[in-house]
Amino acid sequence: MLQIKNLHVSVDGNEILRGIDLEVPTGAVHAIMGPNGSGKSTLARVLAGQEAYEVTQGEVIFDGKDLLEMDPEERAREGVFMAFQYPVEIPGVSNTYFLKAALNAVRKHRGLTEIDAMEFLTLVRQKMKLVQMEESLLHRPVNEGFSGGEKKRNEIFHMAVLEPRLAVLDETDSGLDIDALRIVADGVNVLRQQDRSFLLITHYQRLLNYIIPDRVHVLLDGRIVRSGGKELALELEEKGYVWLEEAAAQPVGA
Amino acid sequence: METTSTSTIEQFAAQEYKFGFVTDIEQENIPPGLSEDVVRLISAKKEEPEWLLEWRLRAYRHWLTMEEPRWANIHHAPIDYQSIIYYAAPKAKGSGPKSLDEVDPELLKTYEKLGIPLHEREILAGVSNIAVDAVFDSVSVATTFKAKLADMGIIFSSFSEAVREHPELVKKYLGSVVPYTDNFYATLNSAVFSDGSFVYIPKGVRCPMELSTYFRINAKNSGQFERTLIIADEGAHVSYLEGCTAPMRDENQLHAAVVELVALDNATIKYSTVQNWYPGDENGKGGIYNFVTKRGKCEGRASKISWTQVETGSAITWKYPSVILKGDDSIGEFYSVALTKGWQQADTGTKMIHIGKNTKSNIVSKGISAGHGQNTYRGSVKILKGADGARNFSQCDSMLIGQDCGAHTFPYIDVQNPTAQMEHEATTSKIGEDQIFYCNQRGISTEDAVSMIVNGFCKEVFRELPMEFAVEAQKLLAVNLEGSVG
């Protein structure tokens, strides 16, 4: 579903990603782990299309299409969803109004008719239950005055409604207490299905106790330095990132 | 991210004005220029009584002693008052239209094009529930639903007609809220005002429909100086709306209107404005100078006057809809959305003057600036000595879109009574690239995102508008923001 080839990305002239190669098959859940400043969030934002990031080399193919050619909204309509590390507040715009506009934009792109108010309400109720979201959050302005945990749950709720093909979760676990983390993880797990892929970006192994990944990749200094199965996360938990940093510092062929 | 905001500005400037067409109709204009003779000529054309001519002349003589105000945060080339045409009217066939059937079809077409319903049939068929007074340049061309309203004792007519039919009411209230000496533009208006609307709601009557006036400037080089007077007698209720547009012209045109509202005991007047005069082109050429004096007087106890305005047009807007809270327990409200884009300038706000006991005022102002727009909130809250227990709440929020615009807030507070309670809140925010990106990431286009964010910002004001106008206002804002980002 997603192929990243030799991706180089700079911000203000500084190279952050220095040649990423990654393939996420349809239906797979991959985790990207790494210390602060390794480029994890940059990768997520480049996939979503944030403009501050300049792709200097490489390509990203999504469902056979050149993802980097598309505007952010086009990527979203094609089925790329990013759960934000810091979800943005939009005062005065209710969560439902926002979601309806988003869903209709996606539906229009897919050649479907706009969803009417009743259908939308039914859909929203059903998804709300799925991700254990309180009804009160529906009618409040998007993320405004939400607690950290509520914001993250709202992201998962948006994901449930928009039904993306690829979901990128950018440090969705950060700042969550254990109960909130469990609710978020449960939300992801119920949305896990054969035709949907996930890319989990996380600093800690903790999230991966609840969402079991198919593959784990370690990002260090803008490169993937190691890939492995779910047990790699445990190894990192035990040893930290230092041993990998040391290994990465060895000259090639040493 | 820089790219987005740059294109935001460019696109904003390129925004088109949808109401810029000119109606090709035979006009009767008087030559440009202002003198006592012109004042006499206007009065004569309207067949006015002697007392009104005298009033106009007093105003004109006073105006000669005045200077343009310079304190507002606006900039424009000097206005040549001798180059303005002070009276322009579509040429009357006979003595003016008695009913809609006699109105020139060109005019009806114009209003149709503007989306203003002048056919009562259509309105009765459920399209909307509004009575309209249509003012075209200096004259009122049609007033709908007069007969139906008259059955309830409600007077809704053009100002000229009110002078003929109800001189005692006009004489009693004209200038009672905005005296002819009030300010440069109001005084000019008092001398040369042409037409406008007149409303009287009798004791205890609740007006069953929205009343509205639609102002259209059409003639070239003309000014529009309309005058509106609304009186709500004891216990009466009325909701009134005005809308306005003008053709696109390279010259600036002056619009200097006066609106006076009088609310007696327990009366309520709700006055809503959706102002969309031509704002000028992308280089700041042309556009309406909108220098307007609007004031209401809560004369009676427990009366209420509420101003709601959505100001999206005009090259320059200079207006401060105000309330004099004279009656005990009276309430004044001001809800405002002002959008400036391109090279538009707005200096707008309100004055709340608390005289009576336990009077309350509430101010909510939302300023949006984009392109090179400059947006100033200027408000004054005055609590006089006798105003025991007076309360005011003011909230002024500004939103900036792009790098070249500006927002300014000048609140003046004068409290002479120690029991008064005042609250003032002010915020300035930038429409965030992060907000737009968040919307984009959910599939929403940048254009829709801007419109959504701005509408969210204005929500507290829009909910004060009558339902159908709230929808109109949102659409208008969306249209004005159209193409704001690339």
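In this predicted model, strand β12 of chain B is covered on both faces. On one side lie Thr268(B), Lys270(B), Ser272(B) and Val274(B), and on the other Ile269(B), Tyr271(B), Thr273(B) and Gln275(B); all are buried. The strand runs over residues 268–275, and eight of its eight residues are buried. Burial here means that 20 or more other C-beta atoms lie within 10 Å of the residue's own.

β12(B) pairs with strand β14 of chain B, residues 304–311, through eight bridges, and the two run parallel. Within this pairing, Lys270(B), one of the buried residues of β12(B), has Ser306(B) of β14(B) as its bridge partner.

The contact between the chains draws 20 residues from chain B and 22 residues from chain A. On the side of chain B that touches chain A, the helices in the table each supply at least two residues.

| Helix of chain B | Residues | Supply to the side that touches chain A |
|---|---|---|
| α1 | 2–13 | at least two residues |
| α10 | 433–441 | at least two residues |
| α11 | 446–457 | at least two residues |

The largest share, six residues, comes from α10(B). By residue class, this side of chain B divides into seven nonpolar, nine polar and four charged residues.

In chain A, helix α4 covers residues 117–130. Just after α4(A), Gln132(A) adopts a positive phi of about 55°.

Technical notes: Residues numbered from 1 in each chain as written. Chains lettered and ligands numbered in written order. Predicted model: local features only at pLDDT ≥ 70, side-chain atom pairs only at ≥ 80, totals over all residues. Helix = DSSP H or I, 4+ residues; strand = E, 2+ residues; numbered from the N terminus. Expected span 1.5 Å × (residues − 1). Buried ≥ 20, exposed ≤ 12 C-beta atoms within 10 Å, placed from the backbone. Pairing = 2+ DSSP bridges. Contact = placed C-beta atoms within 7 Å. Nonpolar A, V, L, I, M, F, W, Y, C, P; charged D, E, K, R; others polar.
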